[in-house]
Amino acid sequence: MIEQRPVAAWFSHTVLILGVVVVAFPIWITFVGASHDAIRMTQVPLPLLPGDQFFINLKAAFVDGVGNAKEQSVGIMMFNSLIMALMIAVGKIAISLLSAFAIVYFRFPFRMMFFWMIFITLMLPVEVRILPTFEVVANFGMLNNYWGLTVPLIASATATFMFRQVFLTVPDELLEAARIDGAGPMRFFKDILLPVSRTNIAALFVILFIYGWNQYLWPLLITTDKSMYTIVMGIKQMLEAAEEAPEWHLIMMTTLLAMIPPVLVVIGMQKLFIKGLTETEK
Amino acid sequence: MIKRTHFKPSLLPYLLVAPQIIITVAFFIWPASQAVYQSMLLEDPFGLKSELIWFENYALLFSDEIYFSTFLRTVVFSSLVAFLSLSIALLLAATADHVVRGTRTYRTLLIWPYAVAPVVAGTIWMFIFDPTLGIVSYFLHGIGYEWNHRLNGNQAMALIVLAATWKQISYNFLFFLAGMQAIPKSLIEAAAIDGAGPARRFWTIIFPLISPTTFFLMVMNIVYAFFETFGIVHAVTKGGPAKATEILVYKVFNDGFIGLDLGGSAAQSVILMLIVITLTVIQFRYIERKVEY
Amino acid sequence: MAKVLIEDIIKSYGETEVLHGINTDIADGEFIVIVGPSGCGKSTLLRMIAGLEDISSGTISIDGKVVNTLEPKDRDIAMVFQNYALYPHMTVFKNMAYGLKLRKFSKKEIKVRVDRVAKLLQLEELLDRKPRQLSGGQRQRVAMGRCIVREPKVFLFDEPLSNLDAKLRVQMRLELRKLHKRLKVTSIYVTHDQVEAMTLGDRLVVINDGYTEQIGPPLELYEKPASIFVAGFLGSPAMNFLSAQISADGNSVQLSETVQVSVDSVNRQIIAEKKVTFGIRPEHFSLSDKGKTGLPLTVDHAEFHGASTIIYGRLQGNDELITVRLPHVHHINPKTVLMLTALPEHIHLFDPKTGKRI
């Protein structure tokens with residue numbers, strides 16, 4: 001920057017620190033809540049500093065289970081979330097890579113029709129077609145399993161567009177050189193195109209993992225079996241079950257566990273995350 | 001659009017697009033067309049018989065005062081969320097862009113709420129504002145303000161706006177910061193030499209230059225507030241008290257799944273589809289314009 | 001090692017025809033340069049030989065076999081691209097080995113071949129590097145290496161030196177020439193740079209607007225350009241063209257009412273009083289001896305190039321712009337009038353209507 005007036009610098013830092021505090025405050029409270037016992041969590045005012053029950057609560061969440069779904073361990077819900085997030089991320093990336101490859105590197109009848117069909121999915125978020133989609137999934141017998149949780153979500157216009165954009169920036173000569181070297185279409189895809197777009201794939205994976213992990217409405221609709229609950233919807237079920245006297249210490253522990261994986265992904269892979277976010281959303 | 005050279009035509013491209021197309025048709029296009037069809041049916045709650053009534057469901061909706069107020073409420077909610085999260089994010093991004101050291105650290109500390117699921121965010125804020133236990137409501141009680149979002153509709157609305165805004169700040173912040181960092185430093189330096197102070201530089205140089213980002217974010221925020229906040233509403237208020245926080249998406253879900261008014265819910269779905277399509281078209285107009293620069 | 005035969009090649013995109021029947025045969029081991037201004041269709045021709053563009057009509061055969069419908073990989077050719085097209089994620093070794101790997105060579109054989117070529121091109125130290133860690137000249141050599149390891153029948157070059165800076169370009173030109181002397185593989189080289197074409201090619205094919213203008217060894221094209229286009233395209237500074245008329249006796253041309261130059265009419269079909277385009281290269285003027293007559297040139301300015309001096313001026317009488325190149329350093333002030341002699345054996349005459357040489 002051009003000039004640095006101490007007052008201005010102090011002001012800037014104050015604003016930013018205030019922002020960080022506001023952003024972090026809810027998470028702090030969650031952590032504090034997860035580290036006290038049930039009795040302390042019913043006494044007003046609630047604590048602002050952490051207690052010593054964190055690991056006891058952690059064990060309770062994992063081993064004993066929580067909510068009225070006592071038999072339902074947080075571990076199983078996290079596992080379900082993980083499977084769902086991975087299947088959605090990998091599935092979306094796989095089918096989008098393939099269709100982008102077809103659309104960019106082949107000229108074939110109905111190419112544009114397929115392109116527009118994929119484009120349309122952009123305009124049909126799950127929220128606007130809840131009931132009929134539910135019916136389709138029910139007819140396919142995909143309720144209460146991982147397929148039903150993930151397959152209806154893996155069509156992706158944004159991912160297809162992003163890969164199309166990436167492929168279009170790959171120089172034509174690379175394909176020509178590969179053809180002269182003797183590579184067929186799938187060879188070229190595997191040996192050249194995938195490695196060349198690997199950072200884009202990784203960036204998209206980060207975004208889609210978070211997207212998949214945080215799915216709420218969809219699992220809520222198609223899982224009725226407790227063994228298929230994901231952690232994000234499990235929290236809601238816990239709240240619902242304990243309308244009278246919520247076990248806040250366990251709910252906060254579960255909440256904390258529900259956000260740790262995606263938050264770690266964002267912070268740990270910040271560069272990829274930002275790349276993924278800014279590239280898919282344009 | 002397409003490469004100069006391509007592979008020879010064969011069956012392969014069809015196989016390549018097949019998975020995407022099959023899923024699109026089965027889970028997107030077919031259900032959407034079903035929604036349109038159902039929106040013209042009168043069905044009894046048990047799905048035993050149905051009758052084609054064309055646009056009567058729509059007529060019913062448009063003459064329904066409850067639907068109209070839901071619509072209005074959604075607009076108010078979305079505008080509040082968009083305005084608040086954009087303003088706060090803009091302030092934070094401008095200051096983070098301005099400081100010499102620590103931009104990256106601040107960025108790290110500010111972006112992670114993006115990763116928190118809406119329903120999780122809702123749960124936490126609900127806990128903080130719990131009328132009997134919550135820390136903030138205790139504090140408010142201390143200064144003589146009674147907080148009970150379970151009874152007070154305005155407070156309930158304020159709470160979901162707060163939770164939705166909190167979650168969206170990081171997204172907006174990231175895009176604003178990226179936009180500002182893309183402005184050539186020489187431009188800012190030239191303005192400084194011309195005698196513009198930091199505030200003036202922001203409003204006359206930086207803000208106009210990031211206006212495409214601002215526009216893009218505005219659309220994205222409205223989409224977010226319209227659709228992705230379902231989890232927050234569902235966790236925090238369930239649309240209550242007395243429908244004070246029932247937004248369109250929640251109503252579709254509620255009327256269809258809980259109320260089993262299939263035709264009415266489908267008609268609402270179709271209206272939501274039209275809203276998304278409009279927003280998408282606006283978005284693409286904007287992208288086209290951006291390309292021309 | 002192979003002959004390449006190009007017969008009546010036509011390329012059209014929809015209604016637009018961009019190549020209008022090109023014919024050339026390229027001898028075994030020959031280095032042929034296809035040269036012309038950008039957009040003339042020369043790259044298209046090369047890409048058709050490579051199999052990257054469809055052939056609208058005509059035939060291309062390599063080593064006696066028609067390759068029109070063969071895939072690029074089955075034509076036994078290798079190509080160096082303008083931007084090198086190195087695989088960015090592969091090391092130099094893997095870049096060179098990829099084509100062999102796809103052709104199912106054994107690991108051992110691949111290693112032997114790549115090492116041999118790496119040695120030839122002084123790439124041994126760079127085999128483990130990725131393309132982005134290489135300089136422009138090094139990338140260029142890797143692109144060459146990738147072709148050489150395959151030991152193809154024909155090398156194709158698509159403006160391979162145009163992304164290098166001037167100094168490196170001269171150096172790589174020399175290396176290319178040496179390499180070709182050593183490997184003796186039939187090479188087809190496309191460029192828009194006439195200096196590159198003149199220095200590299202055994203023969204040149206000059207293409208303009210999708211038509212062949214002239215085919216022949218560089219010196220022949222320089223000394224006996226078949227058309228105004230070839231004459232103007234080859235040589236720098238470019239040839240001077242003046243409109244003129246042949247005198248009544250057919251032994252001289254009239255440049256203006258007062259200026260006339262005698263021409264060597266041997267081997268020329270001179271038609272008396274015909275309008276012609278008179279062409280002479282800047283280096284084919286000499287200063288007339290003092291007092292003698294000649295072409296009077298009013299100097300606008302002079303550039304000193306060290307070994308020669310280039311003079312820009314106007315011909316007295318018709319005000320046409322003329323460039324003259326004189327050996328050694330001459331100090332000439334603007335407005336000076338020089339008397340020039342045009343060497344008769346270097347005078348070119350063209351038909352102004354067809355552009356063809358007379």
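Visitor: Where is C:Lys184 placed?
Guide: C:Lys184 sits in the loop between helix 5 (166-183) and strand 8 of chain C. Helices (H or I, at least four residues) and strands (E, at least two) are DSSP runs, numbered from the N terminus. This is a predicted model, in which local features need pLDDT of at least 70, side-chain atom pairs count only at pLDDT 80 or more, and totals for chains, interfaces and linings use all residues. Residues are numbered from 1 along each chain as its sequence is written, while chains are lettered from A and ligands numbered from 1 in the order in which they are written.

Visitor: What is the phi of C:Lys184?
Guide: Phi of C:Lys184 is positive, about 55°, although the residue is not a glycine.

Visitor: And is C:Lys184 buried, exposed or partly exposed?
Guide: C:Lys184 counts as partly exposed because it has 13 C-beta neighbours inside 10 Å. A residue is buried if 20 or more other C-beta atoms lie within 10 Å of its own, exposed if 12 or fewer, and partly exposed in between, with C-beta atoms placed from the backbone.

Visitor: What about C:Lys335, where does it lie?
Guide: C:Lys335 belongs to the loop between strand 18 and strand 19 of chain C. Its phi is near 75°, a positive value in a residue other than glycine. With 10 C-beta neighbours inside 10 Å, C:Lys335 counts as exposed.

Visitor: What is the strand order in the open sheet of 5 strands in chain C?
Guide: The order is 15-19-16-17-18, with antiparallel pairing; two strands pair if DSSP finds at least two bridges between them.

Visitor: Which strands stand at the edges?
Guide: Strand 15 (285-287) and strand 18 (321-327) of chain C do; each has a single partner strand, so one side of each is left without a neighbour in the sheet. Neighbouring strands of this sheet are turned by 50° against each other on average, direction ignored. The axes are lines fitted to C-alpha atoms, for helices over the stretch in contact, and angles run from 0 to 180 degrees between N-to-C directions.

Visitor: How many bridges pair strand 15 with strand 19?
Guide: Strand 15 and strand 19 (residues 337-342) of chain C are joined in the antiparallel sense over 3 bridges. Within strand 19, C:Leu340 is the bridge partner of C:Leu287.

Visitor: Changing topic: why is strand 3 of chain C described as largely enclosed?
Guide: 5 of the 5 residues of strand 3 (residues 31-35) of chain C are buried, so the strand is largely enclosed by the rest of the structure. C:Phe31, C:Val33 and C:Val35 point one way and C:Ile32 and C:Ile34 the other. In a regular strand, side chains alternate between the two faces of the sheet.

Visitor: Which strands does strand 3 pair with?
Guide: Strand 3 of chain C runs parallel to strand 8 (residues 186-191) of chain C, with 5 bridges joining them. C:Ile32 stands opposite C:Ile188 of strand 8. Strand 3 also pairs with strand 9 (residues 203-208) of chain C in the parallel sense over 4 bridges, and there C:Val33 stands opposite C:Leu204.

Visitor: Where is the cis peptide bond in chain C?
Guide: The cis bond joins C:Ser236 and C:Pro237, with omega about -5°. C:Pro237 is in the loop between helix 8 (228-233) and strand 11 (240-246) of chain C.

Visitor: How many helices and strands does chain C have?
Guide: Chain C comes to 8 helices and 20 strands. Its C-alpha trace spans about 80 × 45 × 35 Å along the principal axes, and buried residues make up 38% of its 358 residues.

Visitor: How many residues of chain C are in contact with chain A?
Guide: 17 residues of chain C are in contact with 14 residues of chain A, contact meaning that the C-beta atoms of two residues, placed from the backbone, lie within 7 Å. Strand 6 (77-80) and helix 2 (92-102) of chain C each supply at least two residues of the side of chain C that touches chain A.

Visitor: And how many residues does the contact of chain A with chain B take?
Guide: That contact takes 83 residues from chain A and 84 residues from chain B. Helix 1 of chain A gives the largest share of the side of chain A that touches chain B, 13 residues.
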